[in-house]
Amino acid sequence: MPIYLDYNATTPVDRRVLDAMLPYLGETFGNASSIHSAGQHARAAVDAARESVALLIGARPAEIVFTSGGTEADNLALLGAIQGSSKPRKHVITTSIEHHAVLNTCQALEQRGIEITYVGVGDDGIVDPGDVRRALKPETVLISVMHANNETGAIQPVEAIGQIAADAGVYFHSDAVQSAGKLPIDVDHLHADLLSLSAHKIYGPKGVGALYVRSGTPVEPQLFGGHHQRDLRPGTENVPGIVGLGKAAELARLDRDEDCARIAVLRDRLEDSLLSAIGSVRVNGDRQRRVSNTTNLAFAGAGGEALLIALDLQGLACSTGAACSSGAVEPSHVLTAMGLSSEEARSSLRFSLGRDTTGEEIDEAMAKIPRAVARIRALSPASKTPVLAR
Ligand code: PLP
């Protein structure tokens, strides 16, 4: 059986989620906007899911807007809040380690004349709230900082940043796609006005997510159609997907502590073993302030792409943070923002564990990864004696 250590990319649909969804792909197929009883069944299921998602993050059900995923939630948060602001000049503060769903939306805003400040991070992968405070301007409309980073797992000080936003009277958005199910989330505690979630990172289906919009936050819709979801996100609701998100949110709330405690032990065992079995390997980012399932390692002198392919051939799935842009493989923007050289970033791999990861799989991974690193290093003439630059 292949070993899947890429849960930050996506998770399998939990059997309990699938069972909850199946009736809505079959006999209970009504349109949630229809007045007849088939429609009412669908509406009740959507409402129950809305309550479950709200409960996960300490929100009220009316503050949850279902979307097609984390990307759309991030787009709606940023584009909608900027358009909803009455300030004549507009400025946004974000960070250089955000997911492209935020970064590329910011780029699109820049093309529309909105000023964006990209706050950096330390070599621990963590944003300094002081840097966010210093970036504030009278024109600042919104601060957007992710809760946990998808590549390193680094937990950002979103509570302090939310407080800075609240004190300055600007809106605060947090992309919580990677923290849901891994960290407690309370929108009041975080002072969040907007918060993004995605079902497929928490054992739900792909193509469905949610945006929390604090009551009274002026967000303009970015799609136009029927009067669904209080005109903020038109379109016939994806009832099976929404039911799946609702069930996944319930499981994330109920199973989180137990899952995370078990997964942390496995992650630490894998990491400690690789650090002792392989020379010139380093953990990227802070080992304490990160979610329990992620380890990002730099294997000096071993190309991450080659390593990933070698491991895939051995039946082990993991990930590089590299992005393909116009045919060229760019090193991870997260790792380079942390001060890694392009080469160091290119020699890094992310292993992310999940609900179904077993001790036996970790034992196998502990055997396979050092062998693959040795093989790739041996093939790389430039790295006969791998040395870390720092
Ligand atoms: N934000 C973060 C931090 C993510 O990790 C991802 C997915 O990789 C997204 C947003 C995008 O979510 P989706 O795949 O649901 O569009």
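Trainee: In what order do the 3 strands of the open antiparallel sheet stand?

Mentor: A strand is a DSSP run of E of at least two residues, numbered from the N terminus. Two strands pair if DSSP finds at least two bridges between them. Here the order is β9-β10-β14, with antiparallel pairing. β9 (281-283) and β14 (348-352) are the edge strands, each pairing on one side only. Neighbouring strands of this sheet are turned by 25° against each other on average, direction ignored. This is a predicted model: local features need pLDDT of at least 70, side-chain atom pairs count only at pLDDT 80 or more, and totals for chains, interfaces and linings use all residues. Residues are numbered from 1 along each chain as its sequence is written, and side-chain values use heavy atoms, without hydrogens and water.

Trainee: How many bridges link β10 and β14?

Mentor: Strand β10 (residues 294-299) pairs with β14 over 5 bridges, in the antiparallel sense.

Trainee: What is the strand order in the open sheet of 7 strands?

Mentor: Read across the sheet: β2-β8-β7-β6-β5-β3-β4, with mixed pairing. β2 (64-67) and β4 (115-119) each have a single partner strand, so one side of each is left without a neighbour in the sheet. From one strand to the next, the twist averages 20°. Angles run from 0 to 180 degrees between N-to-C directions, along lines fitted to C-alpha atoms, for helices over the stretch in contact.

Trainee: Which strand does β2 pair with?

Mentor: Strand β8 (residues 209-213) runs antiparallel to β2, and 4 bridges join them. Ile64 has Tyr212 in β8 as its bridge partner. Helix α2 (residues 37-57) packs on the sheet, touching β2, β7 (194-198) and β8. The direction of α2 makes about 110° with that of β2. A helix is a DSSP run of H or I of at least four residues; contact means heavy atoms within 4.5 Å.

Trainee: Where does the largest pocket lie?

Mentor: On a 1 Å grid over the protein atoms alone, a pocket is an open set of points where a 1.4 Å probe fits, with protein on both sides within 12 Å along at least five of seven lines; lining residues have an atom within 4 Å of a point. Domain 1 (3-9 + 256-378) and domain 2 (15-252) both give residues to the lining, so the largest pocket lies between them. Those bounds come from an automatic or database domain assignment.

Trainee: What is its volume, and which residues are closest to its centre?

Mentor: The volume, the space filled by probe spheres set on the points, is about 440 Å³. Of the 30 lining residues, His99, His100, Asn150, Gln178 and Lys201 are the closest to the centre. Helices α3 (70-84) and α4 (100-111) each supply at least two lining residues. The largest share, 4 residues, comes from α3.
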